[in-house]
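Colleague: I've got a model open and I'd like to learn how to read its chain contact and its helix packing. Could you walk me through it?

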Amino acid sequence: MSKLLLSGNEAIARGAYEAGVQVATGYPGTPSSEILEVIAAEYRGAIYAEWSTNEKVAMDAAAGAAYSGRRSLVTTKQVGMNVLSDALLYTVYTGSPAGLVVVTADDPGMFSSQNEQDNRWYAKLAKIPLLEPADSQEAKDFVVAAFGVSERFDTPVLVRTTMRTSHSKSAVRLGERPAVPETVGPFVRDQEKYVCTAMWAKKRHPLVEQRLLDLTEWAETAEINRVEWGGRSLGIITSGVTYMYAREVFPDASFLKLGMTYPLPKRAIRAFADGVERLIVIEELDPFLEESIRAMGIDATGKGIYPPCGELLPDTLARLSAEAGLIERREAAVSAPPPVGLPPRTPVLCAGCPHRSTYYWLARMKIPVAGDIGCYNLGCLPPFNAQHTMGCMGASIGVLHGMAIAGLPERAVATIGDSTFFHSGMPALANMVHNRSRGVTIIMDNGTTAMTGHQDHPGTGWSLRGDAVRIPIEPLVRAMGVETVRTVDAFDMTAVKAGLDECLGADGPSVLITEGLCVQISKPSSPAYTVDPSTCVACGTCFRLGCPAIVRAEGTTGEGRAKAEIDATLCVGCDLCRQVCPTGAIRRPAPREKGDE
Amino acid sequence: MTPLNFLVAGVGGQGTLLASDILAEVGIRSGCDAKKSDVLGLAVRGGSVLSHVRWGDRIASPVIGPGEVDFMLAFEPLEAMRGIPFLRSESVVVCNTQPVIPISVSSGTAQYPGRDEIERALRGAASVIHFVDATSRAIALGTPRVANVVLLGAFSTLVDVDPSIWETVVLQRVPARYEEMNRAAFRAGRALLNRKEEA
């Protein structure tokens with residue numbers, strides 16, 4: 001049997017293959033995106049994979065496929081679960097003839113998310129089983145197990161990873177793909193099961209409750225939960241990657257390692273608690289396990305020692321455990337203090353980014369901006385500081401509408417990317433039109449879902465399987481009833497400004513579409529621009545573009561200002577700096593002769 | 001065996017993830033258990049990237065703590081300094097000398113530390129520091145893009161693993177059409193720190 005080094009996400013993709021999954025859907029979001037990308041790349045012939053327009057659509061599609069007899073998988077990042085949950089909750093009542101599994105990749109430590117929500121609560125809310133793998137081997141195995149549980153108990157199953165399980169790599173033993181149905185149908189017409197109208201759903205609810213009791217009983221002896229007896233003075237209940245950290249910090253303790261963290265095996269927990277002198281619960285984020293264990297009347301400590309914020313990495317775990325007297329204090333062997341005052345290296349809009357022109361003007365015009373989720377969120381940072389709210393996918397347009405109905409005297413703007421617009425911006429724009437609102441929606445169309453790694457969406461003309469139908473944005477917003485719509489070249493500073501002015505002057509809702517391909521896709525190879533130092537007057541205008549290729553020249557002018565220089569290794573020749581330079585000091589290079597390369 | 005802990009530090013786009021993947025794979029190929037974990041921050045280019053790689057008989061946590069690093073492979077001097085809290089007095093460091101200037105420096109709000117300051121800080125934190133001009137060596141070979149493989153080659157001389165295992169794993173992870181270039185880069189890197197192979 002071969003053994004491969006796989007990330008948690010790669011292992012989940014492999015698990016889908018080995019579980020006989022035939023349909024996989026999702027919307028990109030760090031740290032979950034690689035699951036569908038790997039399925040599309042490695043298991044293309046075996047599994048239909050798609051980027052759906054949003055997580056709810058992905059869940060509905062997976063439900064329909066599972067109703068039709070295909071094992072189906074949905075992937076999401078933790079906040080995408082909020083979008084997906086409406087669809088998940090009806091599948092809890094219906095069940096499905098073929099397995100239905102949702103993978104949520106949570107983000108303790110908020111490496112790339114707007115909050116740190118603990119999606120384990122969704123399992124309790126939905127009354128469905130929850131599996132938490134601790135490494136890549138378990139990530140694969142638990143996906144296979146999840147489909148077994150899903151079909152045995154006629155329920156959707158939630159598999160929850162964290163950034164560390166999804167993005168860490170460890171060795172995985174591979175298995176085989178089982179036989180899968182080639183054809184399906186006819187569609188099962190069982191209205192009382194699959195139509196969640198109140199009169200029928202009422203009859204389903206008691207079945208959901210009974211199913212939870214059956215699952216609890218099953219969990220008591222399921223191999224997915226295991227006891228590892230060590231010293232009896234300390235017992236630890238834990239799950240997921242936190243188990244791996246705790247194993248290192250407490251080599252001598254006894255462990256109840258829960259693979260299924262909802263519903264909990266109460267008798268097994270009680271027996272474990274009775275077998276140890278002191279019981280602690282180690283979990284990142286919320287006291288999800290601890291609350292249930294304490295509600296059983298068992299004396300256990302968790303959040304009294306460990307914080308509900310951030311990751312619980314081994315060094316934090318060891319320090320807090322020592323402070324609580326659980327282990328001997330171990331000083332880290334660090335030999336030097338951390339250097340202070342190191343220059344930060346924060347992400348910036350790339351040299352050649354099409355979003356730069358918009359934020360340059362928004363900053364100069366001092367317009368209030370409701371922002372959204374995407375690379376363009378970097379518009380909130382200096383030198384722009386031109387994004388003043390940002391909450392969740394698609395929020396910008398609704399917030400802009402709220403600013404208008406509140407009677408804000410200033411004209412305000414929403415900035416939203418093309419993929420985010422299709423995800424959840426469209427209903428908000430329809431709402432603005434319908435309610436005769438006002439304000440400018442800037443759709444920053446860079447032809448991709450850039451931040452999560454360049455996935456396609458309905459506006460690109462490509463899908464995860466290749467060729468697709470492209471839905472152009474301008475006719476779409478016109479059809480929605482927006483009267484003032486302007487499409488401009490994002491790399492033409494004058495056109496962006498003129499378009500913005502026109503849209504700001506409109507009476508009702510208006511839309512400015514700034515078109516420019518993401519530089520990571522277009523990868524232009526133009527030679528670098530240069531600055532003529534004798535013409536540069538150190539006015540600083542080009543620095544307001546926040547371009548990483550524009551750097552301060554050595555030495556300063558008499559007034560302490562620096563002239564500009566262009567880093568030839570970073571400049572891609574987007575031309576924006578030449579357009580804003582008031583003295584013509586920034587020069588376009590002479591076009592390359594044929595045969596130069 | 002006592003677990004061996006490696007830290008790979010660099011800037012997004014420098015090829016640090018490929019390097020840490022290779023490092024973990026070499027661990028598995030040489031008969032160890034291995035795990036790795038990357039901290040990427042936002043999935044946007046140009047940010048700091050730290051990868052943890054661990055080899056051992058049986059590795060539980062994929063994450064290394066402060067003062068636990070045996071070897072640090074730094075693709076960029078400033079990022080090497082950011083790795084200092086992970087070092088201890090026995091640590092061995094290989095550091096590329098070519099800086100990548102962050103926008104906080106190019107925009108004038110911060111200063112890039114001087115060569116002396118960087119050297120002093122690293123020498124105060126670890127036992128052995130090898131500064132390697134991998135970028136220049138890579139440019140001499142034809143492209144700065146293979147600097148990561150030059151650096152891996154240099155680094156491979158410090159770890160007790162058959163060089164052929166390293167080379168096999170490196171060449172498996174690069175596109176076939178760049179195989180020769182990468183083989184040359186790996187060997188050039190080895191020669192930088194291993195005088196016996198210089199001929």
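This is a predicted model: local features need pLDDT of at least 70, side-chain atom pairs count only at pLDDT 80 or more; totals for chains, interfaces and linings use all residues.

Colleague: Which way do strand β8 of chain A and β2(B) run, and how many bridges join them?

Modeller: They run antiparallel, with 2 bridges joining β8 (residues 169–173) of chain A to β2(B).

Colleague: And how do I read the whole contact between the chains?

Modeller: In general, an interface's size is often quoted as the accessible area lost when the parts come together. Here let's go by residues: chain B puts in 49 residues and chain A 41 residues. On chain B's side, the elements giving two or more residues are α1 (16–29), β2 (33–39), α2 (77–82) and α3 (103–106).

Colleague: Now the helices. What describes a packed pair?

Modeller: Two packed helices are described by the angle between their axes and the distance between the axes. In chain B, helix α6 (residues 147–156) packs on helix α8 (residues 179–193) at about 45°, the axes being 6 Å apart. That angle is why α6(B) counts as oblique to α8(B).

Colleague: Is the crossing of α6(B) and α8(B) left-handed or right-handed?

Modeller: Right-handed, as α6(B) passes α8(B). Residues making the contact include B:Val149, B:Leu152 and B:Gly153 of α6(B), along with B:Ala185, B:Phe186 and B:Arg190 of α8(B). Sorted by class, this helix contact has 10 nonpolar, 4 polar and 2 charged residues.

Key:
Residues are numbered from 1 along each chain as its sequence is written. Chains are lettered from A and ligands numbered from 1 in the order in which they are written. Two residues are in contact if their C-beta atoms, placed from the backbone, lie within 7 Å. Helices (H or I, at least four residues) and strands (E, at least two) are DSSP runs, numbered from the N terminus. Two strands pair if DSSP finds at least two bridges between them. Axes are lines fitted to C-alpha atoms, for helices over the stretch in contact, and angles run from 0 to 180 degrees between N-to-C directions. Angles under 35 degrees count as roughly parallel, over 145 as roughly antiparallel, 65 to 115 as roughly perpendicular and the rest as oblique. A crossing is left-handed if the near helix is turned anticlockwise from the far one by less than a right angle, and right-handed if clockwise. Ala, Val, Leu, Ile, Met, Phe, Trp, Tyr, Cys and Pro count as nonpolar, Asp, Glu, Lys and Arg as charged, and the others, Gly among them, as polar.
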